[in-house]
Amino acid sequence: MTTTEAKGDKEITSELAAGKFTDEMLAKMRDLIGTELRTDSCVNNEYATRLAILRFAEGIGDDNPLWVDEEYAAEGPFGGIIAPPSFVFACLGSIQVGWPGLGGFHAETTMTFQRPIKVGDKITAKVVFDGFDGPIEGSNFGGKRIKDYLRQEYWNQDGELAATFICSRMRFERTEMQARRESRKIELPHPWTPEQLEEIEERILAEAPRGASPRYWEDVEVGDELDIVTKGPIGLTDEIAYIAAGAAPIPRLSAHGVALRRYRKHPKWAYRDPNTHALEPVYSVHYNDYAARLQGAQIAYDVGIQRTCWQIHCLTNWMGDTGFLKSLHGQYRSHVYLSDVVELGGRVVAKEIDSDGDHVVRVETWANNQREQNVMPGSAVIVLPTRGN
């Protein structure tokens, strides 16, 4: 049963808000195209301190010594620790804009990288609403839907662009997603055997970054495969660690009176959990099964950009300290549920000297779960050193 609390003209219920696409909503969103959005409530880190980088690296399960070991990094190509390329998410993961009462899944990520982030850099995010496609009718996944686009630029203290992130989300009517939930039902949690779990953990412990040994462009062949990086079984602490890493977006999570005042101002940001009677943010779909089911999912599931962090972990492990990740793309094709295992890999599909004069390899990437689904098909461009240069 749904319960409702009246707070003046504000209401918080035990259900997630259930909005509908309307002509008025679409017109308002069209008027917002090109708007630069406020970021204050979504910034998690301004400075790339040693501990901020360490906390983020541990939160995504990537202990590459180039990110976490001062002594090792001092001998490396940058003379000190740099952040993993995904660290921009720890500065500002994303922002919510408009679409009152509609559900949303992160659908696609496109990123370009211009320069590494070093210890001490101050990163400022600029976010612009670039528009949307749709509505599109007849999706088997969630009925009517739209796809919107946020352009997020990350600038350092010297006015230099460090990275650009195009965040695309699918927006849908939650009632339609809930109605289709049973048609997507699978066995969860996944029934792993002790033997399977032992084998998974041994694979994880055997993973290692290439490190200081350069991977030269001349030595790479089309068809070469990247080393696999395994994540899982995904657990509640993996999601908590990601939040603690500073990468929880839209907006920052808060507690007690701070959170309550925000929810009173924006009641659709929260719902009343019927089990604990606590107010919870919509973001809790990533660690609360009840919220995830209201969103039309089976149980709690991963964060879209969290999956991209895993993709980057795989790419940087392979390219070594002297490689540079120039761009990537990924599509989120299915939920990664708590208890799932994901194996991330890739294959070199081309090598060339690009228009910037960089010696690059083009990589097809994937992220396969235990149900043999590619939950994140993607691609990347990596700059590699050349012999004698």
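Is E225 buried, partly exposed or exposed, and at what relative accessibility? I looked this up first in the predicted model: E225 counts as partly exposed, at 46% relative accessibility.

**Entry: the partner of E225.** I found E225 in a salt bridge with R347, with the closest N and O atoms 2.9 Å apart. The pair links distant parts of the chain, since R347 lies in strand β11 (residues 342-353) and E225 in the loop between α7 and β7, 122 residues apart. R347 is partly exposed too, with a relative accessible area of 29%.

**Entry: other salt bridges.** I noted a count of 18 salt bridges. One of them joins R115 and E160, whose closest N and O atoms are 3.6 Å apart. I recorded relative accessible areas of 30% for R115 and 31% for E160.

Within helix α7 (residues 194-206), I looked at E199 and R203, which are four residues apart and therefore separated by about one helical turn. Their side chains meet in a salt bridge of 2.4 Å, N to O. E199 is partly exposed at 41%, and R203 is partly exposed at 27%. I also noted a network of salt bridges that links K326, D354, D356 and D358.

**Entry: the second largest pocket.** I read a volume of about 410 Å³ for the second largest pocket. Of its 23 lining residues, I60, G61, D62, K231 and H313 are the closest to the centre. The elements that give two or more residues to this lining are α2, β7, α8 and α11, and α11 gives the most, with four. I recorded the lining as nine nonpolar, eight polar and six charged residues.

Conventions
Residues numbered from 1 in each chain as written. Predicted model: local features only at pLDDT ≥ 70, side-chain atom pairs only at ≥ 80, totals over all residues. Heavy atoms only, no water. 1 Å grid on protein atoms, 1.4 Å probe; cavity = no way out; pocket = protein on both sides within 12 Å on 5 of 7 lines; lining within 4 Å. Points joined across faces, edges and corners; volume = space filled by probe spheres on them. Nonpolar A, V, L, I, M, F, W, Y, C, P; charged D, E, K, R; others polar. Salt bridge = Lys/Arg side-chain N within 4 Å of Asp/Glu carboxyl O. Buried < 20%, exposed > 50% of the residue type's maximum accessible area, 1.4 Å probe, protein only.
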